[in-house]
Structure formats: C-alpha cells, structure tokens
Amino acid sequence: MKLIKCLFLMSVAISSNSVLSAPFEARSHNENHAWEDEVITGQVADSAPETRFLGFNIEEINGEPHLSATVAAPKGLQYLYFDIEASPVGLLAYNETFPRTHSQTTLKATIPLSEALEKVQHSDFIEISLISMDSTPGYRLNSLRYNRQALLELLESVTDNQDYSLVVQQPIDLKGNEYGLLDGVIKYCMNHDSIRCDYSYLNYPNFDKDGPLQFALPFKGEFTVNAYINELKFREDLISINKVLPTDFEVWLDNDLFGLGKDRSNAKAFLSNFFTLTHSKNAFTNQYQTKVQWEIPWQHATFQKGASYKRATHAIWSMNFAVQTNRYGSFQDATRQGISMSEYLNANIIENINFSALEGTDDSLLQLPPMSVEY
C-alpha cells in the first residue's frame, strides 16, 4: 500500500479494539443536511458520556486494503451501535455492549476497499448514525452527514497510487526517545521539560506559574478536496442545523472532552481567524478545488477549561471541519451561469470532514502518531 506523506498528530485511548467487516443494509433518512442529537426515550443528563465519530482510514488486513471507520466510546457507556450509509445502501455497521467497569475505548468497523469504493462511487450521500446508552434512561441518537467527495478521494488515493492531500506541520513528533530517535509518539509534558518532551507546558509562550494551568498545543496544516467550499461553519452557525459537528479541534484527556472552540463563549470569533480557503480548478478535469489551511499559534491554542491540565497516557485528539460546499462554485461563477440567488443558496450543502489518529495504525494510509500527556 502506498502510504501518505503526512506529518499529522493524534492519539487514541484504546483498551479494546473491536473490528467488524460486514456491510449493513441501509435505512432511509430524510434529506435535511443537518447534526442530530436526539433522546429516543427519557432524558440524558448533561454529564452523559459523549460519543464521537473519529474518521476514516485505510488499513491492510491479511495483505488487502480495507476502509476502516472508528468511533470513540467513552467510559460509562453501556451500549453503542453505529452504522454508516452510502445511500441508498449500507457501508459499515457495528454494535457493542460494555461491562460497567470498562475504560474509554474505540470501536472500529472495516470493509474491503474495492467494495467500499464501488458503494461510495454510486452513493448519493454518506450518513453516520450513532446510538448509545448510558446509566440514564433512554437512548441517545447522533447522526452525522459526511462529505462524500472527501471519502471518495481517500479511497481513490489508494487505487490510483497517489498521496492523500493531508499535511500537518504542527504538532508533530519532534524529539523522539532518549536516544534522539523519532518513535512516532508525541510526548507532551505538563510540568517538566526533557529531551523526551516534544512539547512542554513550561515552554508555552504565555506560561505563567501563578496563572491558570491549561492544556495548550499549536496546530498547523492543510488538505485539499475537489469541491468548492465557500465557507467553514462554526458552533454559532449551526444552532438550528442538525447532523453537522462544528469546525473545532477536540482532545480527550482521560474521559473528559475539551475543544478549542467548544470551551469558549464565541467559538467562531476565535477560530475563524486561523483558517484560509484557497480556490482553484483542476487543470485536467476542470473540477473546483479548495485548499483548507489552518495555523493556530501555540500562544492562542489553549483548551480553556481548568480541568484540561491533567495526565493522559493515551490522549484522543481529532479535528472536525464543517464544510459548506456549492456545486456552482462562487456566487459570481453562478451568476455567470444564469443561476439565481435562491438557486445558489439552495445548492449549499453543509457536511463534515474528520481527521483523527489511533494507536496501532502504523500500516495505515493515514499514519497519525499518537500522543501521551504526562506531568
């Protein structure tokens, strides 16, 4: 398998890694492009464990490439079921019942790449459904609409023997182990600095020994997708929209979920300044292309809840992009095609693209090194 040339960070807390390689017959869904968080019966407490779709990857199983999809299952969860639909057919599905004492873990389902590619090529849209239950009465249903083009390009990067477009420059494995050899693990040190620490909170530009102690990490990278993205959507943009997670960087430290935007009073005002969208057209296909770039300097990349200052042997880190695409390109392009304002607005579609990193993915397409946080 041709592996990605990528400098991307992340990690996952894995105490079990369950795999299923069977497609699931799809159910019908309504066409509202929207993140749905619905309690089937009863009420879910504010402290209920949060599940998250962590993204897709390509892995080799018995020498053959497979598409994998991974979901985070927090501590305290009793049951989790997820299915992924490449409408009008099912793509992947999995379910698990957890013992009361289980630790935070991940669930993974796989399907041979050739089967996945055929289904995605003939699909109308990609939808992910998570059904979970904890100690409170009732089930929680989360539905997520995923960008079909981004998934298709991930699959085709293998069949076409091309590099995938994701490049991450911060954070990365900088120093390696005590012998100076890169070990594929990002070590974050909270209250000390040594040759083993890729990042130390003591070197944080805004470090104040008398101030609040909070996890902080720089982020910089880019990816390109063959679609016209006219806007990234943040939490404030999605108040009345379901099935879409807002653009944000998230990190699980132990069983607590933190977000750069999530923990701020105005996520959009903070995050939007750090992203750039650059548009072009593919010289061979004439398709619209959008390069999404981000750079959040360390001094600004603080997870502001005080509880973020904590140790985590396996920290889960992921990045969610809520992308609004339009098949007509820019509004100026659309007007030249005779498209009205109402037609253009109706062609806007909001969907997610997610990147995460998991332990044990050394042979995967997205070789995303894990991260550990220590005192």
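Surface patches were built from residues with over 30% relative accessible area and no salt bridge, like charges being joined within 9 Å and nonpolar side chains (Val, Leu, Ile, Met, Phe, Trp, Tyr) within 5 Å. The structure is a predicted model, in which local features need pLDDT of at least 70 and side-chain atom pairs count only at pLDDT 80 or more, whereas totals for chains, interfaces and linings use all residues. Residues are numbered from 1 along each chain as its sequence is written, and side-chain values use heavy atoms, with hydrogens and water left out.

A nonpolar patch on the surface is formed by Leu 202, Phe 207 and Leu 213, which together have about 220 Å² of accessible area. Phe 207 is located in the loop between strand S12 (199-200) and strand S13 (219-225); helices (H or I, at least four residues) and strands (E, at least two) are DSSP runs, numbered from the N terminus. Phe 207 counts as partly exposed because its relative accessibility is 32%, where buried means under 20% relative accessible area, exposed over 50%, and partly exposed in between (1.4 Å probe, protein chains only).

Helix H1 (residues 113-121) and helix H2 (residues 148-159) have axes that come within 10 Å and cross at roughly 140°. Axes are lines fitted to C-alpha atoms, for helices over the stretch in contact, with angles running from 0 to 180 degrees between N-to-C directions. On the H1 side, Leu 113, Ala 116, Leu 117, Val 120 and Gln 121 meet residues of H2 that include Arg 148, Leu 151, Leu 152 and Leu 155; contact means heavy atoms within 4.5 Å. Ser 157 also belongs to helix H2 and counts as buried because its relative accessibility is 3%. Neighbours within four places in sequence aside, Ser 157 is in contact with Gln 162, Tyr 164 and Leu 365.

A search of the whole structure identified 13 salt bridges, each defined as a side-chain nitrogen of Lys or Arg within 4 Å of a carboxyl oxygen of Asp or Glu. In one of these, Lys 108 pairs with Glu 59, with the closest N and O atoms 2.9 Å apart. Lys 108 lies in strand S7 (residues 105-112) and Glu 59 in strand S3 (residues 52-61), so the pair ties together parts that are 49 residues apart in sequence. Lys 108 and Glu 59 are both buried.

A further salt bridge joins Lys 187 to Asp 183, the closest N and O atoms being 2.5 Å apart. Lys 187 counts as buried, at 9% relative accessibility, whereas Asp 183 is partly exposed, with a relative accessible area of 30%.

Lys 268 forms a salt bridge with Asp 237, and the closest N and O atoms are 2.9 Å apart. This pair links distant parts of the chain, 31 residues apart: Lys 268 is in helix H3 (residues 267-271) and Asp 237 in the loop between strand S14 (229-232) and strand S15 (248-253). Lys 268 counts as partly exposed, at 29% relative accessibility.

The loop between S14 and S15 also holds Phe 234, which counts as buried at 3% relative accessibility. The C-alpha atoms of Phe 234 and Thr 247 are separated by 5.1 Å, although these residues are 13 residues apart along the chain. Not counting residues up to four places away in sequence, Phe 234 touches Pro 246, Thr 247, Lys 268, Leu 271, Ser 272 and Phe 275.

Terms used
Areas by Shrake-Rupley, 256 points an atom, 1.4 Å probe, with all protein chains shown as cover.
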